[in-house]
Amino acid sequence: MATIYINETNKISHINPEIYGQFSEHLGRCIYEGLFVREDSDIPNVNGMRTDVVEALKEIHVPVLRWPGGCFADEYHWKDGIGPREQRKKMINTHWGGVVEDNSFGTHEYFELCRQLGCKTYINGNVGSGTVQEMSEWVEYMTFNGASPMADLRAANGHKDPWRVDFFGVGNESWGCGGNMRPTYYGDLYRRYQTYVRNYDQNAPIQKVACGPNVNDYEWTEKVLDTCFNPSPCHLHGFMDDLSLHYYTTPGSWEHKGSAAEFTTEEWYNTLHKALYMEELVEKHGAIMDRYDPEKKIGLAVDEWGTWFDVEPGTNPGFLYQQNTMRDALVAAVTLNIFNQHSDRVKLACIAQMVNVLQAMILTDKEKMLRTPTYHVFHMYRSHQNAELVENRIEGVETEGRVMYEVPTLQQSVSVDQDGVLTLTVANLSLEKDSPVEVSFEEIKPVSVEAGILTEEKDAYNTFDEPDRVREQTFDGVTVTESGLKFTMPACSVVSLRIR
Ligand code: AHR
C-alpha cells in the first residue's frame, strides 16, 4: 500500500499556467492542414483556422503557444509572411522535408489563432540567419502603438491595433540548428539582440527567453548565465526572464528511435525511465541557476519536450508524424507532475508539438481529427494551471522495470486552487500491478471527490475509425475515509482527483 501525504496548509509555489504550453512549428502538417486550412476550405473554419481543432484545444485551456519554430525559426524571415497572401514569397523548408513553404500562415494568422484559442503569445526570433534590424522591426511591427514605419505597415496590412507579445525567444537551439554557436558567443549575441526587443508598452513587458541548454549541457547553462545574467538596478533579471531547456524522450538511439505504437515491455520501462530523467535535468540546471539567481527571478522554460519516435511507416521522414499511445500518456503525466513539483523554477514549458508532429494533442487526416491519449492527460491536469503546489510526498512505492530502467510504480503532484479545491494527479507506471493508494491530509476532511481515469492496454491508441478507444472516463473507485481517501490505481493508468 502506498500513502500520499498532503499538507494542504503549506503552499510551496505557484504553478504557472504556461507550464501547460504548446508548440507549433512550420513542420509537416502541424500548421498547414492541422491548424490552418485557409478560408475557402471545405473543412469548417473561422478565418482559416479549423474549427474542430480549435474547439478541442480550447477544452484543454492552452495557456501559451510558441511559434514559428524550432529550427524553422532561425530561417524564418517574418516579412515574407505578411501582406497579400498571393504575393508572399515562397521558400524551401530545408529542415523539414524540403517542401515549399508559401508563407500563407504568417504573423497576422498566428495572432488570429491565439485570439481564437484565448492564449498568450510566444514568438521565437531568428538569430541564426537574421539581423538585429529584422528582429527589432518585427517587435515594432507587432507591438508598437502609434505612428512608426512598422506600425504603419501593420495597419496597411489590416491590423491597426498592436498585438501583445508575452514571450520572445532570442534564437532557438543556437548550439545546433540555430547557428552551431558556442555558449559565450551566443551569450554575447543574446545581449546584443535582446537590446532591440523593445518594450513599447511598459504595461505589457515582453518576457525574453534566452536559448538554454540541450539536455544535460551544464556548461552551456553556466556560460550563458555568466554572460547574460547580471542583475543591476536597471536590469533586475539581468538581460533575460527565462532560460530554455530542450529534452526529448526517445527509447532508442537518435538513428533508430523505435516505433511509436509497436513496442515491448522493456521499451515501455525504458521510455518512462528516460522521461523521468527530466527531474534530474530540472534539478541540475536549476542548481546552476540558483547560484546566479537565488531568488528565482528567472524561469526555466522547457519549451520543447515530449516523445520522439520513428515516423509512421509510409509518411514523409521530414514531417515527424507519429502515433500516440498510453505510453505517451504516461510520459505526459509524469513530466507534468515533475513540472508541478518544480514550479518554483519551471515557469513555462511547451510540449512538442500541438498537432500532427511528435507528441501531439491532436492528429488530423484531411477533414477528420482525433484527440490523442496525451490530449486527455492535458485535459485531466488542467486544474493545476494557476493553482498552488502544496507540500506532498509519497511513501511505500515499489519499483519496476529492469535495473537499467527502473521506475517507481507511482508518481504524483498536488495543488490547491483559488476556491480551495485540491487537484491530485497520480500516474501508475506499472504494466503489471494495480496499486492500492491511501491519501492523508493535514487538516481537511474531504466531503466530495470527482475523479477521472485514463487506462487501457499499454500500446492502445486512437484511430480515425475508432477515435475514442483511449479516453478519459469517470473513476468511481475512490472512497472517502475518516482520515482521507482510498482507491486502487489500475496498472498503466493516470488518475485525476478534484477534492473538496
Ligand atoms: O520539434 C522538432 C525540432 O526539435 C525543433 O525544430 C528543434 O528545435 C528541435 O531540435
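**Tyrosines in helix 5**

I started with Tyr-186 and Tyr-190, which are 4 residues apart in helix 5 (residues 183-195) and therefore separated by about one helical turn. For helices I took DSSP runs of H or I with at least four residues, for strands runs of E with at least two, both numbered from the N terminus. I am working on a predicted model, where local features need pLDDT of at least 70 and side-chain atom pairs count only at pLDDT 80 or more, while totals for chains, interfaces and linings use all residues. Residues are numbered from 1 along each chain as its sequence is written, and side-chain values use heavy atoms, with hydrogens and water left out.

I checked how buried the two tyrosines are: Tyr-186 has 0% relative accessibility and counts as buried, and Tyr-190, at 0%, counts as buried too. Buried means under 20% relative accessible area, exposed over 50%, and partly exposed in between (1.4 Å probe, protein chains only).

**Aromatic pairs**

I counted rings of Phe, Tyr and Trp (its six-membered ring) as a pair if their centres lie within 6.5 Å; planes under 30 degrees apart are stacked, over 60 edge-to-face, and the rest tilted. That rule gives 26 aromatic pairs.

I then picked out Trp-138 and Phe-168, an edge-to-face pair with 6.4 Å centre to centre and 80° between the planes. This pair links distant parts of the chain, with Trp-138 in helix 3 (residues 132-143) and Phe-168 in strand 9 (residues 167-170), 30 residues apart. Both Trp-138 and Phe-168 are buried.

**Charges over rings**

I looked for NZ of Lys or CZ of Arg within 6 Å of a ring centre and within 35 degrees of the ring normal. Lys-257 has its charged end over the ring of Trp-254, 4.7 Å from the centre. Arg-327 lies over the face of Phe-263, 3.7 Å from the ring centre.

**Cysteines**

With a disulfide taken as two cysteine sulfur atoms within 2.5 Å, I found 1 in the structure. Cys-71 and Cys-177 form it, their sulfur atoms 2.2 Å apart. The torsion about their S-S bond is about -90°, so the disulfide is left-handed. Cys-71 lies in the loop between strand 5 (64-67) and strand 6 (91-93) and Cys-177 in the loop between strand 9 and helix 5, so the pair ties together parts 106 residues apart in sequence.

Cys-71 is buried at 11% relative accessible area, whereas Cys-177 is partly exposed at 28%. I also noted that Cys-228 is in no disulfide; the nearest cysteine sulfur, that of Cys-211, is 10 Å away. Cys-228 is buried, at 0% relative accessibility.
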